[in-house]
Amino acid sequence: MRRAIDLAERGRGRTRPNPIVGAVVVRGGRIVGEGWHARLGDRHAEVMALDRAGRRARGATMFVTLEPCAHTGRTPPCVDALIRAGIRRCVVALRDPNPIVDGRGLARLRRAGIAVEVGLLGAEVAEQLGGYRSVYAKRRPRVTWKIAATLDGKIADAGGRSRWITSTMARRFAHTLRARADVVVVGAGTVAADDPRLTARLPGVKIQPLRLVCDARLRLPLARRLFRAPLARGTVVACGPAAPAARRRALEARGVRVLSVPAPGGAVSPRALLRRLAAEGCHEVLVEGGAHLGTSWLRAGVVDRLALATAPMVMGGEGLSWCGPLGRRRLERALRGTVMARAELGGDGLVVVDFGPRGRAECSPA
């Protein structure tokens, strides 16, 4: 099953709105076939593994990270392929929360006389598919807020300079988070101050996340790098209904996609935006905005986890803090989470904190 989990990652960023899935066929204690869902519309992991196993699949065991589908979508049902291949036993890490599946695949396999086991390394796969599961449990993607700060919680000095608080290794980890995300979100303030590219600049990364800017009134100048070629065609701007139509047309003429969502109080509604992203098949959202955007999303209750990289330095009260007021004046009302991972990144500390109801699960920054 660990091999199947590793295989599933090969489809990261290419399968949405489908989940990433890995599958392994084992016979006589040896792997005879492997597969993963490589891209939307392509063979599912189970079918690829069966194709590679060929006749050796008869009487074998399949290990698969997610319940095989029992319906016809872009491809035929995977359970039919398992039955035809003569699989004797199917070990599934996680039941599929999609209501189209949700136990139907397991039931079909059992009716066909295939022994079915569910739950092996389920916690690890639940973490791997956290965004996919969130879409069905919360009707929105999973949201991670990435922060780079000093020991006393400052993300910039009094002049707004933040390059560089954390180490090269910590910044490389930030690029890893981008590569695993479907969407990277920042606010207009971050774009105005830093003029970022928001790309995952790591060796071997071929699929870039969407770059999304929250700019309710479309006030940002068109000269920002995100609004120029080649970045414009992968950039989305979320604005309010009252944003000037001329500004919208100017962005669209450059290839930028503009989304109009509710903006109560002059700020893009995070819940409305996340519902829109879920409807477009996005599962993982990484917030890299500054204190204003991140705090507003945390206050709205849509931040599922924090990835906080802390440099061993102290800036003092003159610096900009990473979190603003949350309306929680008493200690007993503090927002509490579960530490999911700790690591050292080039002399900086990393802690990943989950605010969901789940217990501890394995999580690695590597």
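The model is predicted: local features need pLDDT of at least 70 and side-chain atom pairs count only at pLDDT 80 or more, while totals for chains, interfaces and linings use all residues. Residues are numbered from 1 along each chain as its sequence is written, and side-chain values use heavy atoms, with hydrogens and water left out.

Helices (H or I, at least four residues) and strands (E, at least two) are DSSP runs numbered from the N terminus. Two strands pair if DSSP finds at least two bridges between them. An open sheet is formed by 9 strands in the order 11-10-9-8-12-6-13-16-15, with mixed pairing. Its edge strands, each pairing on one side only, are strand 11 (257–260) and strand 15 (338–345). From one strand to the next, the twist averages 20 degrees; axes are lines fitted to C-alpha atoms, for helices over the stretch in contact, and angles run from 0 to 180 degrees between N-to-C directions.

Within this sheet, strand 6 (residues 142–150) pairs with strand 12 (residues 284–287) in the parallel sense over 4 bridges. Thr144 has Leu286 in strand 12 as its bridge partner. Helix 7 (residues 168–180) packs on the sheet and touches several strands, among them strand 6, strand 8 (183–187) and strand 15; contact means heavy atoms within 4.5 Å. The direction of helix 7 makes about 130 degrees with that of strand 15.

Another open sheet has 5 strands in the order 2-1-3-4-5, and its pairing is mixed. Strand 2 (30–36) and strand 5 (115–118) are the edge strands, each pairing on one side only. Neighbouring strands of this sheet are turned by 15 degrees against each other on average, direction ignored. Strand 1 (residues 22–27) pairs with strand 2 in the antiparallel sense over 6 bridges, and Gly22 stands opposite Trp36 in strand 2. Helix 4 (residues 104–111) packs on this sheet, touching strand 4 (89–94) and strand 5, and its direction makes about 150 degrees with that of strand 5.

**The cavity**

A cavity is a set of points, on a 1 Å grid over the protein atoms alone, where a 1.4 Å probe fits but cannot get out; lining residues have an atom within 4 Å of a point. Grid points are joined across faces, edges and corners, and a volume is the space filled by probe spheres set on the points. A search of the whole structure finds 1 cavity of 30 Å³ or more. The largest cavity holds about 150 Å³ of space. It is lined by 17 residues, of which Arg12, Asn18, Ile20, Asp182 and His283 are the closest to its centre. Helix 6 (residues 130–137) gives the most to this lining, with 3 residues.

**Backbone features**

Most residues other than glycine have a negative phi, and most peptide bonds are trans. The table lists two cis peptide bonds.

| Cis peptide bond | Omega |
|---|---|
| Arg16 and Pro17 | about 10 degrees |
| Ala229 and Pro230 | about 5 degrees |

Pro17 is placed in the loop between helix 1 (2–8) and strand 1. Pro230 lies in the loop between strand 9 (210–214) and strand 10 (235–239).

Leu121, although not a glycine, has a positive phi of about 55 degrees; its place is in the loop between strand 5 and helix 5 (122–128). Asp195, also a residue other than glycine, has a positive phi near 50 degrees and sits in the loop between helix 8 (188–194) and strand 9.

How values were computed. On a 1 Å grid over the protein atoms alone, a cavity is a set of points where a 1.4 Å probe fits but cannot get out, and a pocket is an open set with protein on both sides within 12 Å along at least five of seven lines; lining residues have an atom within 4 Å of a point.
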